Amino acid sequence: MNRLKCISQRNSWCQLKRLQSSLSTSNSKIQIPVRIERGPTDILHALASTVPDDPIQISYVYHDDPFLLPLRRVDYRTYALSYEAGKKAAMWIHEQHNDLFVQHLSEPEIEAFRPIKYTDEQKVSEEMLLQAILKYRTSEALHIYKLLKTNVSNEAKQALLELLCFCTEQDNLYTNPYFERWYIKNKHKIFWQHSKEINELYQFLIKQDSLTAAAAYSTMICGLVKCSRIDEAWVIFQECLKAERLLNINAYNFALLLIPEVVGKKNMGKVQHMYDIFKVMNTNGIKPTIRTLNAALKVVIQSPVDIYDQIVKNLLAEYKNLNIEFSLGTYHYIMLSFYQRAKNSHDDFLLILNALENVNLTLQDSTDLKFFSHAMSLAYHYQDRDAGEKLHRILLFGNNRKFLSNDAAKNTYYSSYILLLLSTCTLDEFFHFYNKFCPKEHVPNNRLFRTIINTLKQYELKDIAEYVLKIWTDVNNYNSREISFKYEVLRIMKIDDLPADSPFKTAFANAALSLWTEIKNEIDMNLTMHSPLETGMTACIAIMLLHGGLLKESIQVLQYTVKESHLFIPTIDQEQLNKLFEGCISAECIEAALLVLEYAIKSGFSQTVEMGMKLKNLPQFTSNDHSKLINLLGVDALNMLDTSEKS
C-alpha cells in the first residue's frame, strides 16, 4: 500500500515539473533549426560511409571480387582495355545517334548523357561556347565558335586559345580514357596541332591591350613547351623579355623547364639563366608557386652533388620564407641526390617521411606522381624496413593511393617494397606479406620472382617446401611462359632431399610432369622457344619423376631426349648423369637405365663400360635387356665385362 502511494506521489511530481517547464517555454521564442540542403545522391554517400574500407580496392572493371581477379599480368591489361572499348563504343553511339536518346531516366540528370547537336539553324551563344570549353570539348567548341562567326568577347577567345593549345582533339578524355593512360608505358608525347584557328586567335589577341596580349603570349609559350616545340617557345619568351611584356606565372614556370633543353642539361650556365628569370619575376611582382620551385629544382637536377645541394638548400629556404608548402614533387627532386650522397642522405630521407606521416596529401604538380615509387626504391636502397612500412602507411592514409597514377609507378612501388621485405624479414614473415599483396595489389614480374627463387636456394628444401610450391604455382598462374625460368624453380625441388613420408613429393613430381607436358606441346606445335632446350632440363625432370614414382612418364622423357637429340643442347654433366643413372637403378627401372646409358655413349662419356657392368649385375636383368646392352656396347665390350666378372 505504501509502495503504491510512493509511485502515485512520484508521478504527480513529474507531471507538475513538465507542466512548469511547458509554461516557462511557452513565452520564449521557438527556434527552428536551419534547413540543410540535401542533394539526390546524399543518401548514397551516407550509406557508402558506413561500408568499411575494401582491402582489395581494385576498380570495378574486375568486379571487385578476389575470386574473379585476373591471374596473369596480360589479363589485367586485356580486361581493362576491353572495358574502355565498351565505353568508347557507347560514346560513339551517343554522339552519332543522339536522336535515339529522347528520355532522361537519371536522377539527378547526368549532363553528359544529354544529346546536344548544334546546327546552323539553332541558336548558339557565348555561354554555350564557354560551357563547351569548360568541359574540354574541343570539336564542339570550335563548331560553336564558327557558328558565332567570331562574334565573341576577347575573354572567350582567350579561353578557346587555351583549349586549343592544351587539349587537342587527339588528347582529351574521350580518346584517351583512364585505363589507357594507366597502361601507357612510355611518356605520352603530345604533338602540336597546326590549326588556322590557333593562328587567327593568337594574332588577334596579341594586338589587343597589354593584359590581353600578355595572356595570349603566355598561353602560346605554355602550349608550345607542352608539345615539345622548344625552339619556338624560347623565341617567343625571349621576345617577351626584350619587350618587357608582363607574362603570367605559368609562362615563367614553363620557361624554366626550357632552360636545360636550350642551354644543355650538364651546362652550369643553366643556373644563371634560372636566376635571371627569377629577377624578371621579382621585378614584375610575379609571386612564385610550388610549380616554380619544382621547375627550378628540375633545372639544377644534373649538377654536381655539392653544387646541387647548396642550390637546393638556398631555394628551399627562400620558398619557405614565402610560406609556400612543399609538394611531393619537391621531395622527389630533393631525394634525387640521395643515391650519390653517402653522408646524411638516410637521415634526410627519414625527415621527409616524418613530415608526410598522417597527412592527406594533395596533388599540386605532375612530378608529385613520381614520389612514392622513388621513395620506396630509396627505402630498398637503404635496406630500411621501418622506413618502407612508414611510407606504405603514408600511401594508405586518406586518399593518398591516387599518387600511384599508372601501372608502371605501381609496379615499381610494390616490387621495391616486396624486395625490401624479402631482404629484411624472416622467410615466414615475408610470405605472410607476399600472400597479402599478391595478386590483390601486385602481380610479380620475372625480376621479382627470380630474386625470391635465388633466396629460396639458400635454405634446405625440407624447411621451405611449402613456399617453393607456392612460388611454382604463382609463376605458372601469374606471369611467365618462359620454360627456362620455370626450370629455375624446378631445380630447387630436390625430391630425394625430402623425407619419405613428405606430402610434397607427389606435388613436386606433378610439377615436373606439367613442365614436361608444356615443353612437349610447344615442340609438337613448332612454337618458338624463348630459350633453347637443354638435356640438363629434361634430366632434372626425369629424376623428379623417378623419385616421385612416375616411372612410365620418366621413361617417356628419356626416350624423347635420346631419340630426338637434335632438338636439345647437350648440357648433362657427369654428376647429373650419375645421379640420373643411380635413380633408375634405385627405382629398378632397367628400361630407363638403358636409355641413360645410350645417351652417355652418344655423348662420349668415359664411364659407359662401368655403367653397363653395374646394370648387367642387377637381379632383374633379363635376356632381352642383355640383347639391348650388346647393341649399345658391342660384343667386345660385353666380353670384357664377362672376363672381368670371372676374374
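**Note on a predicted, helical model**

1. At 41% relative accessibility, Ser228 counts as partly exposed, and this residue sits in the loop that runs between α9 (210-226) and α10 (230-242). Its backbone deserves a remark in this predicted model, since phi of Ser228 is near 65 degrees, a positive value in a residue that is not glycine.

2. A second residue with a positive phi is Asn323, for which the angle is about 60 degrees although the residue is not a glycine. Asn323 belongs to the loop between α14 (305-321) and α15 (328-335), and with a relative accessibility of 71% it counts as exposed.

3. As to the overall make-up, the protein chain holds 31 helices and 0 strands, and buried residues account for 42% of its 647 residues. The chain exposes about 36800 Å², of which carbon and sulfur atoms supply 53%. Where contacts between residues at least 6 apart in sequence are considered, 68% of them join residues at least 24 apart.

4. How do helices α12 and α13 pack, in terms of the angle and the distance between their axes? Helix α12 (residues 269-284) and helix α13 (residues 290-299) meet at an angle of about 160 degrees, with the axes 9 Å apart. The cut-off for a roughly antiparallel arrangement is an angle over 145 degrees, and α12 and α13 are therefore roughly antiparallel to each other. On the α12 side the residues in contact are Lys270, Met274, Phe278 and Met281, and on the α13 side they are Thr292, Ala296 and Val299. Sorted by class, this contact of α12 with α13 comprises 5 nonpolar, 1 polar and 1 charged residues.

5. Aromatic pairs number 21 in a search of the whole structure. One of them joins Phe372 and Phe403, whose ring centres lie 6.1 Å apart and whose planes make an angle of 45 degrees, so the pair is tilted. Phe372 lies in helix α17 (residues 371-382), whereas Phe403 lies in the loop between α18 (385-396) and α19 (407-424), so the pair ties together parts that are 31 residues apart in sequence. Both partners are in the interior by the accessibility criterion: Phe372 is buried at 0% relative accessibility, and Phe403 is buried with a relative accessible area of 1%.

6. Another aromatic pair is formed by Phe430 and Tyr434, and this pair too is described as tilted, with 5.9 Å from centre to centre and 40 degrees between the planes.

7. Pro439 is placed in the loop between α20 and α21 (446-456).

8. If residues up to four places away in sequence are left aside, Phe508 touches Leu461, Ala465, Val468, Leu469, Met493, Ile495, Leu498 and Met544. With regard to Met544, the separation from Phe508 is 36 residues in sequence and 7.4 Å in space, taken from C-alpha to C-alpha.

9. Asp348, which lies in helix α16 (residues 345-356), is partly exposed, with a relative accessible area of 26%. Apart from residues up to four places away in sequence, Asp348 touches Phe338 and Arg341. Asp348 and Ile334, for their part, are 14 residues apart in sequence, with a C-alpha to C-alpha distance of 9.3 Å.

Key: Residues are numbered from 1 along each chain as its sequence is written. This is a predicted model: local features need pLDDT of at least 70, side-chain atom pairs count only at pLDDT 80 or more; totals for chains, interfaces and linings use all residues. Side-chain values use heavy atoms; hydrogens and water are left out. Helices (H or I, at least four residues) and strands (E, at least two) are DSSP runs, numbered from the N terminus. Buried means under 20% relative accessible area, exposed over 50%, partly exposed in between (1.4 Å probe, protein chains only). Contact means heavy atoms within 4.5 Å. Accessible areas come from the Shrake-Rupley method with a 1.4 Å probe; for residues, only the protein chains shown count as cover. Axes are lines fitted to C-alpha atoms, for helices over the stretch in contact, and angles run from 0 to 180 degrees between N-to-C directions. Angles under 35 degrees count as roughly parallel, over 145 as roughly antiparallel, 65 to 115 as roughly perpendicular and the rest as oblique. Ala, Val, Leu, Ile, Met, Phe, Trp, Tyr, Cys and Pro count as nonpolar, Asp, Glu, Lys and Arg as charged, and the others, Gly among them, as polar. Rings of Phe, Tyr and Trp (its six-membered ring) pair if their centres lie within 6.5 Å; planes under 30 degrees apart count as stacked, over 60 as edge-to-face and the rest as tilted.
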